[in-house]
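Subject: Structure handover

Hello,

Here is the structure I said I would pass on. Please have it open while you read the notes below.

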Amino acid sequence: DGDGDVELGRKNGVEAVVVKDQGDDYNDAAIARSNNVRAIGTVGICDKWGGRTTMEVPDEDDDDDKFDKTNNTKLVGMHRVITLRMALHSMHLVDDFVRKIEEGGGGGEGERHSFARISHSAAFATSSAANLTSASQAPRFNYRRFLTTPPARLFTAATSIQPEVTLFQYQICPFCNITKSLLSHSKLDFECVEVNPLTKAELKAWSGEYRKVPIAVIDGNQINGSEKIIETILTEPFVQKMLQERWADEKCNDMTMQQFQTSDNAQKWLRFAVDDLAALLYPNICGSLSDSHEAFGYVRNVDSFSALQKISVQSLGALAMYFAAKKVKSKRNITDEKVALNDALKKYEIEGLQGGKFLYSSRRQSPDLGDVAVFGVLYSVRGLNAHYNAIQSRGGAVKEWYDRMSMQCFECK
């Protein structure tokens with residue numbers, strides 16, 4: 001409508017939509033339950049077009065306040081503000097529409113009108129949207145502008161907004177570090193919350209029966225376990241865009257999302273990292289009580305832990321991991337953990353890097369998920385004797401690869 005919504009949104013770092021009451025006769029509570037939607041007012045747009053997100057509507061003639069309280073929703077002024085990325089990504093028709101555009105066969109006038117019907121009650125909002133006090137203040141959706149916008153630009157905002165990610169972790173957990181390495185390699189900003197391994201108090205109030213790490217909360221959704229988190233992250237439009245830009249910058253023209261995630265090399269070294277290398281680290285960092293105590297020294301730098309918690313975690317945690325490491329050695333028939341770790345890295349050096357012939361085990365100009373996973377496992381013990389013995393004093397192709405991956409995963413930020 002010419003009031004500069006998009007420009008003002010960019011200026012304030014906000015891209016969002018406001019969904020308004022449709023004035024129909026839908027049963028709010030029944031629709032919300034049947035569609036797994038938390039909403040208030042009338043939500044016919046959700047029911048009709050398969051929306052799966054939370055939205056705000058003006059409090060007009062329904063039992064909005066009561067519904068809001070019983071369904072644990074949160075009022076933001078008179079509207080529920082949702083990001084454009086969440087709105088587009090959560091609607092079923094978007095995937096097909098985007099795919100057709102990418103294949104060069106979509107975006108016709110009929111499809112545009114069909115897709116516009118999903119969004120006809122949405123409006124681009126500015127950072128002041130959360131402070132709106134009446135429905136009349138909501139900017140209107142510009143239907144004409146939508147229909148005349150080139151298809152490729154319709155989803156620019158969706159791919160430019162980062163998902164909000166909080167990772168619950170142990171600093172020395174190899175699986176947590178695989179996840180962090182991927183998040184950083186994808187240029188995602190994320191928050192880390194250190195979990196007390198003894199009490200797990202940081203998880204108990206909300207994580208249900210699941211008490212392991214890593215757990216990620218991505219745009220409010222709980223994702224358990226490193227492999228599920230990785231799978232979820234790699235479906236994010238923002239992440240795909242960042243990775244594709246990285247590959248273009250590195251002139252790695254033959255890398256694709258499929259190649260990055262599911263190629264034979266990527267899967268081979270992902271499984272090597274998760275199933276073999278991660279297990280070998282525990283005996284190497286907790287093979288003796290003194291080593292185990294040193295490994296848990298990271299808790300001294302966790303500001304959220306009290307002095308008593310730091311002492312108890314380092315003492316009791318070290319003791320527990322010492323006995324756990326002994327079980328790992330017994331289960332895997334490991335007689336010398338240092339030799340076992342050295343043999344595993346030699347395998348990676350010879351089979352993955354071809355003795356330094358390749359920059360990465362992806363055998364391309366850019367690393368793939370296998371590289372990221374192996375690096376994440378090794379990165380988890382940085383600063384410890386095991387890391388010095390395995391990487392720093394080793395030198396050669398593995399050390400050179402590790403330094404390149406450090407730039408790829410962390411120093412690039």
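Lys310 is found in helix α18, which covers residues 307-331. Helices here are DSSP runs of H or I with at least four residues, strands are runs of E with at least two, and both are numbered from the N terminus. Contact means heavy atoms within 4.5 Å. Not counting residues up to four places away in sequence, Lys310 touches Val299, Arg300, Val302 and Phe305. Arg300 is 10 residues from Lys310 along the chain, and their C-alpha atoms are 6.0 Å apart.

Before the rest, some notes on the source. The model is predicted, so local features need pLDDT of at least 70 and side-chain atom pairs count only at pLDDT 80 or more, while totals for chains, interfaces and linings use all residues. Residues are numbered from 1 along each chain as its sequence is written, and side-chain values use heavy atoms, with hydrogens and water left out.

The chain as a whole

The chain has 22 helices and 7 strands. Of its 413 residues, 48% are buried. Buried means under 20% relative accessible area, exposed means over 50%, and partly exposed is in between, with a 1.4 Å probe and protein chains only. The accessible surface of the chain is about 20,000 Å², and carbon and sulfur atoms hold 49% of that. The areas come from the Shrake-Rupley method with a 1.4 Å probe; for residues, only the protein chains shown count as cover. Among contacts in the chain with a separation of 6 or more, 69% are between residues 24 or more positions apart.

The core

In soluble globular proteins, nonpolar side chains tend to be buried together. A nonpolar core is a set of buried Ala, Val, Leu, Ile, Met, Phe, Trp, Tyr and Cys residues joined through side-chain atoms within 4.5 Å. The largest one in this chain has 79 residues, and those with the most contacts inside it are Ile233, Leu234, Phe260, Leu277, Val374 and Trp401. Helix α16 (residues 264-285) gives the largest share of this core, 10 residues. Apart from neighbours within four places in sequence, Ile233 is in contact with residues including Val165, Leu182 and Ile218.

Strands

Two strands pair if DSSP finds at least two bridges between them. Strand β6 (residues 215-218) pairs with strand β7 (residues 221-224) in the antiparallel sense, over 4 bridges. Strand β4 (residues 165-169) also pairs with β6 in the antiparallel sense, over 4 bridges. Val217 is bridged to Gln222 in β7. β6 and β7 form a hairpin with 2 residues between them, and Asp219 in the turn has a positive phi of about 50°.

Pro214 is in the loop between α12 and β6. The peptide bond from Val213 to Pro214 is cis, with omega near 5°.

Polar contacts

A polar contact is a pair of N or O atoms within 3.5 Å; within protein, one must be able to donate a hydrogen and the other to accept it, and residues adjacent in sequence count only if both atoms are side-chain atoms. Lys204, in helix α12 (residues 201-204), has a side-chain polar atom 3.2 Å from the backbone oxygen of Thr199. The side chain of Ser362 reaches the backbone nitrogen of Arg364 at 3.3 Å. Ser362 lies in the loop between α19 (337-352) and α20 (369-379), and it counts as buried because its relative accessibility is 2%.

Two lysines with positive phi

Lys187 is not a glycine, yet has a positive phi of about 60°. Lys187 sits in the loop between α11 (174-185) and β5 (191-194) and is partly exposed, at 36% relative accessibility. Lys251, in the loop between α14 (237-249) and α15 (257-262), has a positive phi near 55°. At 65%, Lys251 is exposed.

Cysteines

How many disulfides are there? The count is 0, where a disulfide is a pair of cysteine sulfur atoms within 2.5 Å. For Cys192, the closest cysteine sulfur is in Cys176, 8.4 Å away, so the two are too far apart for a bond. Cys192 is partly exposed at 34% relative accessible area, whereas Cys409 is buried at 0%.

Regards
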